[in-house]
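Please look over the sequence and the structure below.

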Amino acid sequence: MPEKKREDPGPSVKDPELYEKLRDEGDSKEKSARIANAAANTSREEVGRKGGESGSYDDMTLDELMDRAKDIGIDGRSNMNKDELIKALREH
């Protein structure tokens, strides 16, 4: 079966090669662009070390999770319970 060709991610993506690799791994467009742009601003190795500064979603209250979901634009959040919010946030 022929490989599906994706559209060019556009000029806002600073590291298209990393962006495509992340998309192939199943990451969302937004997440792939965020990581690719962060990697282009530093080194890829440093991007991996940046994590771990924020707490675990499991330690957050439902209100804190709702606020975080609102900040990043997760639709349907008002109907989600804590576990569903955590899953949506992790997959975004």
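Glu91 is exposed, at 54% relative accessible area. Its salt-bridge partner is Lys87, and the N to O distance is 3.9 Å. Lys87 also counts as exposed, at 52% relative accessibility. Both residues lie in helix H5. They sit four residues apart, about one turn of the helix. These values come from a predicted model.

**Salt bridges**

The structure holds four salt bridges.

| Pair | N to O distance |
|---|---|
| Glu91 and Lys87 | 3.9 Å |
| Arg90 and Asp58 | 3.1 Å |
| Lys31 and Asp27 | 3.9 Å |

Which parts of the chain does the pair of Arg90 and Asp58 link? Arg90 forms a salt bridge with Asp58, with the closest N and O atoms 3.1 Å apart. This pair links distant parts of the chain. Arg90 belongs to helix H5, while Asp58 is in the loop between helix H3 (44-49) and H4. The two residues are 32 residues apart. Arg90 is partly exposed, with a relative accessible area of 46%. Asp58 is partly exposed too, at 44%.

The side chains of Lys31 and Asp27 also meet in a salt bridge. Is Asp27 buried or exposed? Asp27 has a relative accessible area of 17%, so this residue is buried, the cut-off being under 20%. Lys31 has 23% relative accessibility, so this residue counts as partly exposed.

**The loop between H1 and H2**

Ser28 is found in the loop between helix H1 (16-24) and helix H2 (29-41). The relative accessible area of Ser28 is 19%, so Ser28 is buried. Which residues does Ser28 touch, not counting those up to four places away in sequence? They are Arg23 and His92.

In soluble globular proteins, nonpolar side chains tend to be buried together. Here the largest nonpolar core has nine residues: Tyr57, Leu65, Ala69, Ile74, Met80, Leu85, Ile86, Ala88 and Leu89. Helix H4 (62-72) and helix H5 (82-91) are the elements that give two or more residues to this core. H5 gives the most, with four residues.

Ala69 is one of the core residues. Leaving aside neighbours within four places in sequence, Ala69 is in contact with Ile74, Arg77, Leu85 and Leu89.

**How H4 meets H5**

Two packed helices are described by the angle between their axes and the distance between the axes. The axes of H4 and H5 come within 10 Å and cross at roughly 35 degrees. H4 passes H5 in a left-handed crossing.

Which residues of the two helices meet? From H4 come Leu62, Leu65, Met66, Arg68, Ala69 and Ile72. From H5 come Lys82, Leu85, Ile86 and Leu89. By class, this contact has eight nonpolar, no polar and two charged residues.

**In brief**

Note on methods: Residues numbered from 1 in each chain as written. Predicted model: local features only at pLDDT ≥ 70, side-chain atom pairs only at ≥ 80, totals over all residues. Heavy atoms only, no water. Core = buried A, V, L, I, M, F, W, Y, C linked by side-chain atoms within 4.5 Å. Buried < 20%, exposed > 50% of the residue type's maximum accessible area, 1.4 Å probe, protein only. Contact = heavy atoms within 4.5 Å. Axes fitted to C-alpha atoms, helices over the stretch in contact; angles between N-to-C directions. Left-handed = near helix turned anticlockwise from the far one by under 90°. Nonpolar A, V, L, I, M, F, W, Y, C, P; charged D, E, K, R; others polar.
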